[in-house]
Amino acid sequence: MLKGGEKGKPRRRLLRITLIVFGVAAVAAIGFLGVAWLMTPIPDSTQPRATAQGSVIYYRDGKTVLAKQGVNRRSVALAQIPESVRNAVIAAENRSFYEDKGVSLKGTFRAMWSTVTGQQLQGGSTITQQMVRNYYSGLSQERSVVRKLKEVMISLKVDQSKSKDWVLEQYLNTIYFGRGADGIQAAADAYFRKDIGKLTVAEGAYLAAVIQQPSRFADPRGADLEAATARWKSVIDAMVQTGALTSEQAAATTFPTLKKPRAIFAPKGQEGYMLDQVAAELRRMGYTDEAVNQGGLKIVSTFDKGLMAAAQRAVTSVLPEGTSKKVRTGLAAVAPGTGEVVAFYGGPSYEANKFDNSFSAKVQAGSTFKAYTLAAALNNGFGLDTRVDGNSPLHIASDDKGIPNSGGYSYGEINLVKATQSSVNTAFVDLGQKVGLGKVVNVAEEAGIPADQLAPHRSAATLPLGVASVSAVQNASGFAAFAAGGVHRDAHVIRSVTDAKGRTTKVKVKGERAFTEQAAIDATYAMTQVVEAGTGSAARLYDRPVAGKTGTTDKSAAVWFAGFTPQMAVAVDMFRDDNKPVVVNGSAQYGGTYPAQIWRAFMTEAMSGKPVKEFAEPSNYGYSTYYDDGYRSDDDYGDYDDGDRQDLSPTPLPDGTTGEVPDQTPSPDGTGDGTGDGTGDDPGDGTGTGDGMGDDTGTGPRDQTRPPEEFSQRPPGR
């Protein structure tokens, strides 16, 4: 039988062993934690999503938002966040935030134990821990003891090296609030359509409540609304407990009214066309899609919101109801002094057809190209009084079949003013031969027409007649060079880009001389006669001077009016995807009909309230040969053929008849009108201008041109 002392020896031995084991374990744990502390530095990089900010694209005023792209986050400084909002978040998520060391040991061990035992992971993370988990790279969201330990170590180090305010600022800008909103600023807008600085106590408390269950509380209804209300009330109560609110203030606070969630952004109308062009130009400037979606850029486009709407109204109000959907219309407006595309018409609906009519679609320029031929001649020593052969047909060495004028009319030897005013095909073919086609190509290229679009036609006798295909934007940009005194600036759609750090890059396009200033002035004068008393009279603006040029290709496959005032250049074209004639209301169209009317409708709005600027005086008016060729002056008869219809060409033909068949370029066999090969580049499938465009043909007493049927009723010319 053992004595009492002997019985206690095994117990003491067991106690010593237990203490030793615990001591070794404690030392090992301390050593392990020490090693973990040394082996776990604060990451030197953040998670891409944590700091990503979406970009905002604005109209040209830099204030009106066109669209938001990418991550919905706008980071703000802590000072911009109301104290009541900060207090609400602290009361809801971590009341000891300003006193603790960055971690909650009790919460952390509870979470680690739940992970080890396989139970549902419990909460308990501090604001610092949540920030670390969401902000720094290298910390996945997986539930593991190792990940949790790294989180604790980094949180402790962050608490030692960073201020509490810095931690809270990163936290509020990082966390997800539901409704697609990352960060407190985006959340304020998503839930209440407010800037963060204008949130009330009740609204701030709701955003604090959302953090717990952002998906459930994003748009709560029924039981979810009851749960959201209870959670919001608990945040208000917690604010009383922390001293952020008094009991009286809490009692006076009511549940806030939530705005309806915004629909996922889907471009509509003209928006998609604009965004496509902005995105394409950003890529050309070197911005990646990642930079746009996550870089927090402020992008100011060149587009004027009011003029974009005016462009759409011009098309839809002028074209009659029932216009075939296969008929498509493009319109582009360019500021001559900058090259900025201030407005365009891409089509009736981006949702229906993403291929736009103004930037992407390229159709034969028709006789609008004669403007570049004229500039080339004036740039190389020819004057407006230069005589060219206006007889039909015109025989040249490269085309023994002869090139005819539209309708076979002959004009005799005429000067460049008359040739332009009446758009005489043979006169411009003759002029192209005299000046040299290479020089015509050079001027067109300098005016912004891409070389690859001109290349197939460089040696064609009909080059001056517009066999090359161009877009509405390219043609508007080219005509802008005339308005800018012969200086061309590349068309562009971005004014400036400001990065997340506030550094702004302004887009300034350097002007390059396309032709001399005097050539621009003289060509402009000739084109004013197109509008005053020629084929483009339907485009006249009665409060200011206008210069421009009509264009009609073979069988009306593409019809144009391109023109300008000193402040703006605009090109309008109409075409079909299948290259068939542009027919509206049963009549084939010409450049002087609907294109000119659409141009006038747009420019009437665009120029409203703008100062009237005059074009410079030309070096001569072609007078030295203009009145001694047997023609009568414009003053010998009126500008009208009947009532409010304006004659397309008041200048009489040599046989005494009046009127001018709209310009068409010759077909390859020399027997027909037009260029022969349709509209050139296929612009792709599309829905055209659509139905329901209205039956208003425009306002004003002189807004209509002679019906196309009348062309066939005139007696034949010489």
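Here is a short chat about the predicted model above.

Biologist: What does the protein chain average in pLDDT?
Modeller: Since this is a predicted model, local features need pLDDT of at least 70, side-chain atom pairs count only at pLDDT 80 or more, and totals for chains, interfaces and linings use all residues. Residues are numbered from 1 along each chain as its sequence is written, and side-chain values use heavy atoms, with hydrogens and water left out. pLDDT is the predictor's confidence in each residue, from 0 to 100. At least 70 is the score of 78% of the residues, and the chain average is 81.

Biologist: Over which residues is the pLDDT below 50, with 270 contacts beyond near neighbours in sequence?
Modeller: Contact here means heavy atoms within 4.5 Å. Where pLDDT is low, the predicted coordinates should not be read in detail. The stretch with those 270 contacts is residues 625–718.

Biologist: Which strands stand at the edges of the open sheet of five strands?
Modeller: Strands are DSSP runs (E, at least two residues) and helices are too (H or I, at least four), numbered from the N terminus; two strands pair if DSSP finds at least two bridges between them. The order is 5-4-18-17-16, with antiparallel pairing.

Biologist: At about what angle to strand 4 does helix 21 run?
Modeller: Axes are lines fitted to C-alpha atoms, for helices over the stretch in contact, and angles run from 0 to 180 degrees between N-to-C directions. Helix 21 (residues 472–483) lies across strands 4, 5, 16, 17 and 18. Its angle to strand 4 is about 35°.

Biologist: How many residues of helix 5 are buried?
Modeller: Buried means under 20% relative accessible area, with exposed over 50% and partly exposed in between (1.4 Å probe, protein chains only). Among the buried ones are Ile127, Met131 and Tyr135. Helix 5 (residues 127–135) is mostly covered, and the buried count out of its nine residues is eight.

Biologist: Which element gives the largest share of the lining of the second largest pocket?
Modeller: The lining has 26 residues, with Lys68, Asn72, Arg262, Ala263 and Phe265 nearest the centre. Strand 1 (55–58), strand 2 (65–69) and helix 8 (184–192) each supply at least two lining residues. A pocket is an open set of points on a 1 Å grid over the protein atoms alone, where a 1.4 Å probe fits, with protein on both sides within 12 Å along at least five of seven lines; lining residues have an atom within 4 Å of a point. The largest share, five residues, comes from strand 2.
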